[in-house]
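Visitor: I would like to go through this model term by term. Please set each label against its cut-off.

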There are 2 protein chains.
Amino acid sequence: MADKKAELLQGTLDLLILKTVAHGPIHGYGIAQRILVASREVLQVQQGSLYPALHRLERKGLLKAEWKQSGSGPMAKFYSLTAKGRKQLQEEMAQWHRYAGAVALVLES
Amino acid sequence: MADKKAELLQGTLDLLILKTVAHGPIHGYGIAQRILVASREVLQVQQGSLYPALHRLERKGLLKAEWKQSGSGPMAKFYSLTAKGRKQLQEEMAQWHRYAGAVALVLES
DNA sequence: TCGATGTACATAGGTTTTCTACATAGGTGA
DNA sequence: TCACCTATGTAGAAAACCTATGTACATCGA
């Protein structure tokens with residue numbers, strides 16, 4: 001109540017992840033940070049949401065992962081899009097625009 | 001798999017219902033139809049989603065219901081917004097815009 | 001008059017997704 | 001050495017939605 005929880009709408013997390021990974025190989029932790037910055041602190045992805053989502057997307061063949069050294073830090077799993085993932089991203093973006101446009105229509109009615 | 005299911009994003013149904021009821025007393029079935037028309041057939045609210053949502057909103061004190069004759073048809077439950085519901089609608093609309101804007105930022109990044 | 005269709009409400013059961021909370025571990029700087 | 005940041009992960013619970021099904025009344029056409 002004291003704060004706006006910034007909860008994600010179900011279904012948008014995959015889209016946000018795919019879009020963020022599309023910029024090039026990036027590890028999970030970095031994905032969450034990029035989304036946070038790109039959305040101007042509005043979209044905060046919790047770790048407990050992020051990692052299961054990444055595993056889900058990898059299982060579906062949309063992402064592929066590779067363990068690498070992260071800067072001077074510990075090992076990290078770097079994700080990148082597969083061809084299937086790129087296609088899925090296009091579809092999900094189109095769907096989002098369709099959806100958001102429809103909601104806008106209702107809210108303006 | 002063969003078709004685009006037009007599934008609703010979790011969290012937006014309440015907003016759509018509140019907005020639709022804000023136009024004046026309307027029964028459940030009519031709410032689904034109005035949303036369908038207003039969104040140009042994009043947002044299709046299933047009955048199995050609609051009625052539990054209406055009960056939920058009534059339980060929360062955002063909607064109030066009254067049984068009335070529906071035209072020449074059978075009895076129907078007409079819903080209208082409570083003061084609390086109107087306030088909630090304002091909040092949810094603001095939140096939606098915040099959220100949709102944030103997603104747009106990420107998608108354009 | 002009988003059946004199909006449209007209106008209208010409702011619940012049960014299942015799936016998916018997300019959140020909170022916890023657990024682990026390596027590297028860095030004070 | 002101790003705290004903090006990076007980084008990955010799982011368990012358990014809650015919420016919301018969908019599919020499928022059921023009821024009932026009214027109307028219209030054959």
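Visitor: Why are α1(B) and α3(B) called roughly perpendicular to each other?

Guide: First, a caution: this is a predicted model. The axes of α1(B) and α3(B) cross at roughly 75°. Angles of 65 to 115 degrees count as roughly perpendicular. Therefore α1(B) and α3(B) are roughly perpendicular to each other. Their axes come within 10 Å.

Visitor: Which residues make that contact of α1(B) with α3(B)?

Guide: α1(B) brings Leu13(B), Asp14(B) and Ile17(B). α3(B) brings Ser49(B), Ala53(B), Leu54(B) and Leu57(B). By class, that contact has five nonpolar, one polar and one charged residues.

Visitor: How do you know that α1(B) and α2(B) are roughly perpendicular to each other?

Guide: They pack at an angle of about 100°. The range for the label is 65 to 115 degrees. α1(B) and α2(B) are therefore roughly perpendicular to each other. Their axes are 10 Å apart. From α1(B), the contact is made by Leu16(B), Ile17(B), Thr20(B) and Val21(B). From α2(B), it is made by Ile31(B), Arg34(B) and Ile35(B). These residues divide into five nonpolar, one polar and one charged.

Visitor: How do you know that the copies meet through the same surface?

Guide: 100% of the interface residues of chain A are also interface residues in chain B, so the two copies use the same surface. The contact takes 23 residues from chain A and 23 residues from chain B. On chain A, α1, α2 and α4 each supply at least two residues of the side that touches chain B. α4(A) gives the most, with 10 residues. By class, this side of chain A has 15 nonpolar, five polar and three charged residues.

Visitor: What makes β2(A) and β3(A) a pair?

Guide: Seven bridges join β2(A) to β3(A). At least two bridges are needed for a pair. The two strands run antiparallel. Ala65(A) of chain A stands opposite Tyr79(A) in β3(A). β2(A) and β3(A) form a hairpin with five residues between them. Gly71(A), in the turn, has a positive phi of about 55°.

Visitor: Why do β1 and β2 of chain A count as edges?

Guide: The open sheet has three strands in the order β1-β3-β2 (chain A), with antiparallel pairing. β1 and β2 of chain A each have a single partner strand, so one side of each is left without a neighbour in the sheet.

Visitor: What packs on this sheet, touching β2 and β3 of chain A?

Guide: α3(A) does, and its direction makes about 120° with that of β2(A). α1(A) lies across β1, β2 and β3 of chain A, running at about 95° to β3(A).

Visitor: Which residues come nearest to DNA strand D?

Guide: The cut-off for being near a strand is within 6 Å, taken from the C-beta atom. There are 31 residues around DNA strand D. Gly28(A), Ser70(A), Leu13(B), Gly48(B) and Ser49(B) come nearest. α2, α3 and β3 of chain A, with α1 and α3 of chain B, each supply at least two residues of this surface. Its residues divide into 10 nonpolar, 18 polar and three charged.

Visitor: How many residues surround DNA strand C, and which are the closest?

Guide: DNA strand C is surrounded by 32 residues. Gly48(A), Ser49(A), Gly28(B), Ser70(B) and Ala76(B) are the closest. α1 and α3 of chain A, with α2, α3 and β3 of chain B, each supply at least two residues. α3(A) gives the most, with six residues. By class, the surface near DNA strand C has 10 nonpolar, 18 polar and four charged residues.

How values were computed:
Residues numbered from 1 in each chain as written. Chains lettered and ligands numbered in written order. Predicted model: local features only at pLDDT ≥ 70, side-chain atom pairs only at ≥ 80, totals over all residues. Helix = DSSP H or I, 4+ residues; strand = E, 2+ residues; numbered from the N terminus. Nonpolar A, V, L, I, M, F, W, Y, C, P; charged D, E, K, R; others polar. Contact = placed C-beta atoms within 7 Å. Axes fitted to C-alpha atoms, helices over the stretch in contact; angles between N-to-C directions. Parallel < 35°, antiparallel > 145°, perpendicular 65-115°, else oblique.
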